[in-house]
Structures are given as C-alpha cells and as structure tokens.
Amino acid sequence: MSRVAYWTPGWQRLRSGRLGAGWMVVAALFFALMGVFVKVGGRSFGALELLFYRTLFGALMLGGVMVARRRNPMTPNWRGHLQRSLIGYVSMGLLFYALTHLPLATAITLNYTSSLFFTLICLVRLKEPLTRTAALALTVGFGGILLLLRPTFASDMWFAAAMGLASGASAGFAVFQVRELGRMGEAPWRVVFWFFAISSVFGAVLLLLGPGFTPLSAETVWPLLGVGLTGMCGQLAMTRAYKDGSKFLVASFAYLTVAFSALLGVLLWGDVLPAEALAGILLIVFSGVLAARR
C-alpha cells in the first residue's frame with residue numbers, strides 16, 4: 001500500500017468531520033492551551049476577571065450560533081440550570097485560581113479528579129453498587145492525589161493546591177448536575193449556553209461589588225481573547241467527540257490535557273515536577289480511565 005493511499009482514509013475522515021473520539025485529542029490540546037493563557041493572563045488579571053471573560057466569550061459565541069440556527073433557549077428547568085451553573089462557576093473559579101499559582105500540569109490534574117468525585121457522588125446519591133473497577137479507581141485515584149499534593153503541601157503553595165482539589169470536587173458535582181439535566185431532556189447546547197450566560201452575569205455582579213474591572217490595553221487583551229477562543233474551541237471539539245466517538249475512548253483521551261499541560265509547562269516555564277508528583281499524576285490519569293469504564 002502506498003503512503004498516499006495509507007493516509008487517504010484519515011484525511012477523508014478529517015474533511016468529513018468524522019474523527020470520532022479523535023476530536024477529544026483536539027479538545028485536550030485546546031484546553032491545555034487555555035490553561036497557558038490563564039497563567040499568562042494572571043499577571044494582569046485576577047481569577048474572577050479571567051473567568052468572566054471566558055464565560056462571556058462563550059455566551060456570545062454560542063448565543064450567536066443559536067440565533068443563526070433559530071434555537072430557543074427557553075427551558076422549564078430553571079432551578080437545575082441555576083444549580084449547575086453556580087456549581088460549575090465555583091469549579092472554574094477555583095481552577096483558574098490554581099492555574100495562576102501552581103505548575104500547569106499540577107493544576108490541571110487536580111481539576112481532572114472530577115471523574116473520581118463524580119463516581120463517589122453516584123455511589124452515595126444514586127446508591128449505585130460499588131463494583132471492583134470503581135473501587136480500584138477510587139483507591140488508586142486518591143492515592144495519586146496524596147502523592148501529588150505532598151510536595152505542594154510541603155511548600156507555600158498548599159492553599160492553591162487545596163483550591164485545585166476543590167475545583168475537581170465541585171466539577172464532579174457539576175457533571176452530576178449535567179447528568180440530571182440530560183435525564184430531564186435538556187439538550188447539551190442549552191446546558192452549555194445557560195452555564196455561560198448565568199456565570200457571566202454572576203461574575204459581573206461579583207466584580208462590580210468587589211475589585212472591579214481592570215482597564216484593558218493592547219498588551220493585556222490578547223490573553224483574554226486566547227482564554228475565550230481556546231476554551232470555546234475545546235468545548236466544541238469535546239461536544240463533537242462525545243457525539244461521534246465511543247464514550248469510553250473520549251473519556252480516556254480527555255486525560256491528554258494533563259500530558260499536553262505537562263509538556264507546555266516544561267517548554268514555556270521550565271516546570272520540573274518531583275518524582276512523587278509525576279507518579280501521582282500518572283495514578284490519577286489511570287484511575288480516571290478506570291472510572292470511565294465503571
């Protein structure tokens with residue numbers, strides 16, 4: 001088989017948009033890049049401001065698409081959307097704080113403990129049976145958390161590490177709420193839109209009552225645009241991945257965000273993680289893949 005013939009099917013899938021779970025690889029890269037822009041933007045803006053521009057960009061972009069496609073955003077499940085949005089807002093706020101204070105890979109990995117917390121919530125709230133796979137995932141995952149947190153708690157970054165772990169816990173609750181909205185018949189695009197819209201309003205109120213908005217300049221606006229653009233591209237690619245690909249493969253490929261973040265952290269800031277932190281990251285990624293199979 002010639003080299004051209006070998007690559008032709010893959011190229012055709014790319015042109016047709018049928019990459020399946022491969023779209024999650026694209027999403028993982030964009031989410032890692034978003035973390036980079038958050039860290040860069042953190043030099044000029046606080047975590048609340050960065051999050052405000054992230055959600056505002058998403059609300060405007062997705063709102064424009066909805067108007068063009070004549071999608072009706074109205075819903076009878078306002079309480080569910082409000083709960084999901086507030087929990088998701090807290091989770092992203094904690095993540096953005098962690099990103100501005102921790103090595104990129106550490107902050108991202110702590111947030112990606114959400115699958116472990118989601119599994120734990122399902123066991124408690126839905127009284128799902130504790131399978132061997134779920135038990136192993138929880139055991140390995142929380143062992144990895146201890147290894148990852150040990151070097152940060154031994155330094156002056158313990159508070160940021162705690163906030164990063166809290167972002168993972170609250171993200172687990174947000175995923176559970178998304179699951180409940182799906183069971184109510186809510187379309188994914190409507191869930192995402194109201195998350196962006198409600199979070200933008202909530203963020204604007206907090207900023208107006210608190211520190212206010214930092215004046216924008218040509219030097220500081222580009223990280224904000226980067227956060228919004230990469231975050232939205234990641235969201236779209238992830239949505240396409242879950243639509244076209246195997247859910248298990250998509251959930252597994254999502255952890256490439258951790259790998260991309262580690263690589264970018266080394267290339268851009270020279271982040272060097274101790275051996276126990278690297279072992280913790282690997283254990284958390286492994287447990288997340290297990291949790292996706294439960």
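Helix H8 is followed by Gly 185, whose phi is positive, near 95 degrees. The model is a predicted one, in which local features need pLDDT of at least 70, side-chain atom pairs count only at pLDDT 80 or more, and totals for chains, interfaces and linings use all residues. Residues are numbered from 1 along each chain as its sequence is written, and side-chain values use heavy atoms, with hydrogens and water left out. Helices (H or I, at least four residues) and strands (E, at least two) are DSSP runs numbered from the N terminus.

The expected span is 1.5 Å times one less than the number of residues. A UniProt annotation from an unreviewed entry, "transmembrane region", covers several segments, among them residues 157–176, 188–209 and 275–292. Such annotations may be inferred rather than shown by experiment, and their positions are given in the numbering used here, with feature names shortened. Over residues 157–176 the chain is 95% helix and 0% strand, with end C-alpha atoms 29 Å apart. The unreviewed UniProt entry also places "domain: EamA" at residues 19–149 and 159–290.

Two packed helices are described by the angle between their axes and the distance between the axes. Here the axes are lines fitted to C-alpha atoms, for helices over the stretch in contact, and angles run from 0 to 180 degrees between N-to-C directions.

Helix H3 (residues 47–68) packs against helix H9 (residues 188–209) at an angle of about 140 degrees, with the axes 8 Å apart. That makes H3 oblique to H9, given that angles under 35 degrees count as roughly parallel, over 145 as roughly antiparallel, 65 to 115 as roughly perpendicular and the rest as oblique. Their crossing is left-handed, meaning that the near helix is turned anticlockwise from the far one by less than a right angle. The contact (heavy atoms within 4.5 Å) includes Phe 52, Leu 56 and Leu 62 of H3, and Trp 189, Phe 193 and Phe 196 of H9. By class, this contact has 14 nonpolar, six polar and two charged residues. Nonpolar denotes Ala, Val, Leu, Ile, Met, Phe, Trp, Tyr, Cys and Pro, charged denotes Asp, Glu, Lys and Arg, and the others, Gly among them, are polar. The 22 residues of H3 should span 32 Å at 1.5 Å a residue, which agrees with the 32 Å between its end C-alpha atoms. Just after H3, Arg 70 takes a positive phi of about 55 degrees.

Helices H2 (residues 22–41) and H10 (residues 221–244) have axes that come within 8 Å and cross at roughly 160 degrees. H2 and H10 are therefore roughly antiparallel to each other. Their contact divides into 18 nonpolar, six polar and two charged residues.

Finally, the axes of H6 (residues 114–125) and H13 (residues 275–292) come within 8 Å, crossing at roughly 40 degrees; H6 and H13 are therefore oblique to each other. In this pair, Ser 115, Leu 116 and Thr 119 of H6 meet Ser 287, Gly 288 and Ala 291 of H13. That contact has two nonpolar, four polar and no charged residues.
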